[in-house]
Amino acid sequence: MSRLHLSSALALALATYPLAAKASDDNAAAARKADTSFSVGDIVVTARGMAGNTANVLTSVDRMGGNVAQNADVDNVYELIGQMPGIQVTDFNQGTSSGKFSMRGFNGEGTINAVKLLIDGVPSNSNDGNMPYIDMVFPLNIATIEVVRGTSDPRYGLHAIAGSTDIRTRTGGTYAEARIAAGSYDTYEGQLVAGLESGRTTQNYQIAYRESAGYRDHSDSNRLSLSGKWGLALGEDVKLGALARYYEADTDEPGYLTYADSRANPRMTNAYNASDRDTRDMQQYALSAEVAFSDRLDWQASAWFNRLRDDRYVKYSASASQQRRLAEEDHYGLSSALHWHGELGAATLMLEAGGDVQWQDNRSLRWLAVERVPTSQTRDQQFDLTVGGVYVQAIVEPTDWLRITPAYRIDWVGGSFDNLLAGTSAPINDYGSIDQPKLSVALLPAAGLTLYGNWGKTFQIGLGSGAYLIAPRVVDLAPSINEGWELGAKYALGDLLEARLAYWEQSATGEIARKLNDPLGDFENVGATDRRGVDVQGNVRLLPSLSLWGALAWQEAIISVAPPENPEYAGNTISHTPEWLWSGGVDWRPAEPLTLSLSGRGQSSYHLTSANAEGTWGDLTVFDASASYRLNETVELGLTLRNIGDAYSEYVWWDGAQTLHSPANGRNVTVSLRLRG
């Protein structure tokens, strides 16, 4: 891992696409007043717009800079996000179904996906809220990663139950860089990025390829990613942008082990998993426009299209049948925001209105199979989904020590469902208008100190077939409303010290969970839930060349009102939610060309089901070390040793009869060469 340090960077988001509309000095000053963000690495702020800016959101925001991300040695980018405070990583380690990240007491199981993922501002969740598109981004092309937590951000609706994450790739500049890496498990990776900025145009490109035999037997993988971004400035006030991405992967799946096999030989695979594999193809395209009508008024809009094709053969246990799972999804959408700021007497005032709509065309098919030969079809579902929302937001600063941010968002849902195997159809649940009021307040009692609080509502609808009124159910399913609040304090003392403390709570009515292995894609009622937690994070720069950083999160996620069919679950812990998450490290630069880092991360154990009857599993304590040496301005050498102590860790789930285990990587080493042009 590259040198980490926590800068006092301001709460500024990168522009949605290659160029952004200009903002006035008055607005920049207003953004500097209330800083609730926490940054890992150097955050480089390029030209930025006002509309849709995270600087207007007063909640816990975390950012990782490109200098940290670009030298990272990780199998997948979600692991990189897992280095950020309070983030839980769920590592399935099953081919393209490798894992995901989650936060705020929501797990990464895939039954409830509570994080809105965006890549360069483009919504990037699949229909069920999972995050396959994150694999399209490789570390060398990352400019910053931004995590927004809580329920008070009005910009996003669908999937933004606990917050959002936006991965911003490089924009503008003239450069050519390559990074070549080789490591344990016959892993080889090559990344090439280039930028060309000339006059009014910008071009940015990525080519990346990774292949690995994997830690476990029968886990070979090959991944290819291509992307391009283009920008055009029509004078100072009109900026146009476009992006295109293509990704393909071909992977084997090692399957899940019994408890006995996972302890006796964690690197093994089962004979019955020998034909399990997955091929995945994804595409992403977007167009954007940003217009500055004046120093006080600007507008941005974008249009986007995502395509997912995933063909997976998987067998979960010796007694189960192999399944072929085919997903075909086309999603496209529009978003826009209009921003104005000025004065109202002695007060500073900002007004913003925006909205988005997305249309989904989804197909989900399944078969029983033997050695990748389908024998009988168990699912053929075609379902359309439309989700649209609008929001208004204001920021009022009556004095230089007080900032008040009220907001309101309303979403609507439409669509239809066809069971082509049974020849039946169903309408969408009548969710009505989903109202989400929000309010944030920040106080600035002293230099470097921000006290903040926020409250708001977000929503969850059913996933897959769970969003539709399918017989024999005759009553529309209401949306699950999440209501949350947070109190926090952020303090920064120049570059010497940065710290943040936050307490949060979030409750949900009628939480809905997908049944992952159900042939029909059905859902279950988890019940009403309560979540709460404390996040503590800080950095101390002891010397210009030495810094310490760390984060500790305590969280509790319980079923407050159990579903009628399982009243005994009341008070139980929600599955796969550890109580403790921690990370920390030390970064030392003993000489200018040399950087040394030691870091650790961990979590406590979790329950496997709502019954809390299968024991607790999944605790984790892992330490990593890295060194980089810059020979000159062009050449940098790197060495990373992950899981120094070769500690055993795993993902565990319950199949109804036994625990099934997927061991994580053991000790592994990577050497790298980075070339800068």
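Analyst: We begin with burial. A residue is called buried when its relative accessible area is under 20%, exposed when that value is over 50%, and partly exposed in between. Please keep in mind that this model is predicted.

User: Is glutamate 177 buried or exposed, and what is the reason?

Analyst: Glutamate 177 has 10% relative accessibility, and therefore it counts as buried. Glutamate 177 also forms a salt bridge with arginine 170, with the closest N and O atoms 3.1 Å apart. Arginine 170 is buried because its relative accessibility is 9%.

User: How many salt bridges does a search of the whole structure find?

Analyst: The search finds 36 salt bridges. One of these is between the side chains of aspartate 75 and arginine 210, at 2.6 Å from N to O. This pair links distant parts of the chain, since its members are 135 residues apart: aspartate 75 is in the loop between α2 (66–69) and α3 (77–81), and arginine 210 is in strand β11. Aspartate 75 counts as partly exposed because its relative accessibility is 26%. Arginine 210, with a relative accessible area of 11%, is buried. Another salt bridge joins the side chains of arginine 168 and aspartate 166, at 2.7 Å from N to O. Both arginine 168 and aspartate 166 are buried.

User: Let us turn to strands. Why is strand β2 described as largely enclosed by the rest of the structure?

Analyst: The reason lies in the burial of its residues. In strand β2 (residues 61–65), five of the five residues are buried, so the strand is largely enclosed by the rest of the structure.

User: Which strand is joined to β2 by five bridges?

Analyst: That strand is β7 (residues 142–149), and the two run antiparallel. Within this pairing, valine 61 stands opposite valine 148 of β7.

User: How should I follow the pairing of β11, β12 and β13?

Analyst: Strand β11 (residues 201–212) and strand β12 (residues 221–234) run antiparallel and are joined by 12 bridges. Here the bridge partner of alanine 208 is serine 225 in β12. Strand β12 is also joined to strand β13 (residues 238–252), by 14 bridges and again in an antiparallel manner. Arginine 223 stands opposite alanine 249 in β13.

User: Which residue takes a positive phi in the hairpin of β12 and β13?

Analyst: It is glycine 235, whose phi is near 80°, in a hairpin with three residues between the strands.

User: Which residues other than glycine have a positive phi?

Analyst: Tyrosine 185 is one of them, with a phi of about 65°. Aspartate 186 is another, with a phi near 55°. Tyrosine 185 lies in the loop between β9 (175–183) and β10 (187–198), and aspartate 186 lies in the loop between β9 and β10 as well. Tyrosine 185 counts as buried because its relative accessibility is 15%.

User: What form does the peptide bond from alanine 471 to proline 472 take?

Analyst: This bond is cis, with omega near 15°. Proline 472 has its place in the loop between β22 (449–460) and β23 (480–493).

Notes:
Residues are numbered from 1 along each chain as its sequence is written. This is a predicted model: local features need pLDDT of at least 70, side-chain atom pairs count only at pLDDT 80 or more; totals for chains, interfaces and linings use all residues. Side-chain values use heavy atoms; hydrogens and water are left out. Two strands pair if DSSP finds at least two bridges between them. Helices (H or I, at least four residues) and strands (E, at least two) are DSSP runs, numbered from the N terminus. Buried means under 20% relative accessible area, exposed over 50%, partly exposed in between (1.4 Å probe, protein chains only). A salt bridge is a side-chain nitrogen of Lys or Arg within 4 Å of a carboxyl oxygen of Asp or Glu.
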